[in-house]
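Biologist: Thanks for sitting down with me. Please take me through this model one question at a time.

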Amino acid sequence: MAREMKDSGIEWVGRIPSTWDSMRLKYAASYNDETLDENTAEDYEFDYIDIGSVEYGKGITQYQHMRFQEAPSRARRIVKNNDVILSTVRTYLKAVASIEERSDPQIVSTGFVVLRARIGKITPLFLKYAVLSNAFISLVEAKSTGISYPAINSTDVMNIAIPLPELSEQQKITDYLDIECARIDAVMEQTRASIEEYKKLKQAVITQAVTKGIRSNRPMKDSRIDWLGKVPVDWNVYRIANLYDERNESGEDSLPILSVSINTGISDHEVADEEQARVFVRSEDKSKYKRVYPGDLAYNMMRAWQGAFGAVRVDGMVSPAYVVAKPKHNINLDSRYMEALLRTPSAIEEMHRYSHGITDFRLRLYWPEFKNIRVCIPSIDEQKEISDYIDKIASDVDTMISRKEQLLTEMESYKKSLIFEYITGKREIK
């Protein structure tokens, strides 16, 4: 028999069992109870947790061990076992996690609100699941102000109401959710590991194909290129300058703006507005962009050392921060092959070696350096043979990866709905 329900009066909850109460968070939990004093000893050591250290659904993914004297000024909030932290800045990140006991003290950024259950009102675990609920976090995000860095005041978070059953039922709900969520997380972790294995397999097959070929039982020779090693005897060594010229043509209003990704190469369609804002600052003057043609090779000079290379497949234009290389008229090239070759791990390391800059994130690979990199390539017929083979293998593996990623999405959605339905009483522990 279904239990009687009532309106909770809470916007993110809806109906709850008639025996449950609702309560503002500030009455169920205290917040920001303890803070490091400015006179803390300089050699005081702790594990620091910043906003970027927390990932929604995974919790705290990394700790930074440091001393007080070298810590940022925002490293001030003291947390203890079973506290719940929730980011009040950049709330779109949904950085929420439960604190687990560690051997060293833990300090979090002042960009978090630290919640501590009021014993007798709410169990620490029920507090955790209530705040972890996607509906609760989405409400926090909706109440935030600001565009680039949306934020919310801690007191506004504490005024959000949550549903509250009796303590015994809280315990029963969280015991069940602990078991179910652990089971789901284990399957998801196995799925993520499987995806990584497929990615490694795909890269290994591509690397083998573009450096050794796909024809069996053939004699090999030393390429005399450190990052390539031995190659088939009929492959030839070239400098990039022998294969490509730099292209510097201005863009046109009618052409799509393309981008180069370290994961997927160059796009074959217009970059979406929100993606443009993330990837580069868009200029209204399209003549500042660089024209590209099918068969060209384009790379982001600031991310070449990460593998941001792509073969152009459609007419378009790219950011001025990109370098565009056009095949020489007297050379037969399949730029799909060149893209696959230059995106291998050893080639990327070679790009890193030729790039200029003090630190990785300041590195630039300019055309004069890029054109001096040496490669070894087969005949045009074998280039096409290898490229077609890679396209087929990549398509098959990508299909398997896509299915597993869809499974992850479905399981994450199921986990969210499970938490919501049990902490709001819409499903009952039998």
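Biologist: How many salt bridges does a search of the whole structure find?

Modeller: A word on the ground rules: this is a predicted model, where local features need pLDDT of at least 70 and side-chain atom pairs count only at pLDDT 80 or more, while totals for chains, interfaces and linings use all residues. Residues are numbered from 1 along each chain as its sequence is written, and side-chain values use heavy atoms, with hydrogens and water left out. A salt bridge is a side-chain nitrogen of Lys or Arg within 4 Å of a carboxyl oxygen of Asp or Glu. By that criterion, the number found in the whole structure is 33.

Biologist: R3 and E169 meet in a salt bridge; how many residues apart in sequence are the parts that the pair ties together?

Modeller: The two side chains meet at 3.0 Å, N to O. Helices (H or I, at least four residues) and strands (E, at least two) are DSSP runs, numbered from the N terminus. R3 lies in the segment before strand 1 (5-7) and E169 in helix 5 (residues 167-212), so the separation in sequence of the parts they tie together is 166 residues.

Biologist: Which of these two counts as partly exposed, and which is buried?

Modeller: Buried means under 20% relative accessible area, exposed over 50%, and partly exposed in between (1.4 Å probe, protein chains only). R3, at 23%, is therefore partly exposed. With a value of 17%, the buried one is E169.

Biologist: Which part of the chain holds R116, the salt-bridge partner of D33?

Modeller: The side chains of D33 and R116 meet at 3.8 Å, N to O. D33 is in the loop between strand 4 (29-31) and strand 5, and 83 residues separate it from R116, which sits in strand 13 (residues 112-117).

Biologist: And where is R291, which forms a salt bridge with E252?

Modeller: The side chains of E252 and R291 meet at 4.0 Å, N to O. E252 is in the loop between strand 18 (244-247) and strand 19 (260-261), and the two are 39 residues apart, with R291 in strand 21 (residues 290-292). E252 is partly exposed at 40% relative accessible area. R291, at 9%, is buried, and its place is strand 21.

Biologist: Which side chain of opposite charge is nearest to R343?

Modeller: R343 lies in the loop between helix 8 (335-342) and helix 9 (345-354). For charge, Lys and Arg count as positive and Asp and Glu as negative, with His and the chain ends not counted. R343 is buried yet has no salt bridge, and the nearest opposite charge, 4.0 Å away, is on E339.

Biologist: Which exposed residues does helix 9 carry on the face turned away from its buried side?

Modeller: Its buried residues are A347, I348, E350 and M351. The face turned away carries P345, E349 and R353.

Biologist: Within what arc do the buried residues of helix 3 fall?

Modeller: In helix 3 (residues 134-143), the buried residues are F136, I137, L139 and V140. They line one face of the helix, because seen down its axis they fall within an arc of 155°.

Biologist: What does the twist average in the open sheet with the order 8-5-12-9?

Modeller: The pairing in this sheet of 4 strands is mixed, with two strands counted as paired if DSSP finds at least two bridges between them. Strand 8 (64-67) and strand 9 (75-79) each have a single partner strand, so one side of each is left without a neighbour in the sheet. Axes are lines fitted to C-alpha atoms, for helices over the stretch in contact, and angles run from 0 to 180 degrees between N-to-C directions. From one strand to the next, the twist averages 45°.

Biologist: Which residue of strand 12 stands opposite D47?

Modeller: Strand 5 (residues 45-49) and strand 12 (residues 106-109) pair in the parallel sense over 3 bridges. Opposite D47 stands Q106.

Biologist: How far apart are the C-alpha atoms of Y198 and V397?

Modeller: Y198 is in helix 5 and partly exposed, with a relative accessible area of 22%. Among the residues it touches are V397, M400 and I401. Although Y198 and V397 are 199 residues apart along the chain, their C-alpha separation is 6.7 Å.

Key
The arc is that of the directions from the helix axis to the C-beta atoms. Contact means heavy atoms within 4.5 Å. Lists of a residue's contacts leave out its neighbours within four places in sequence.
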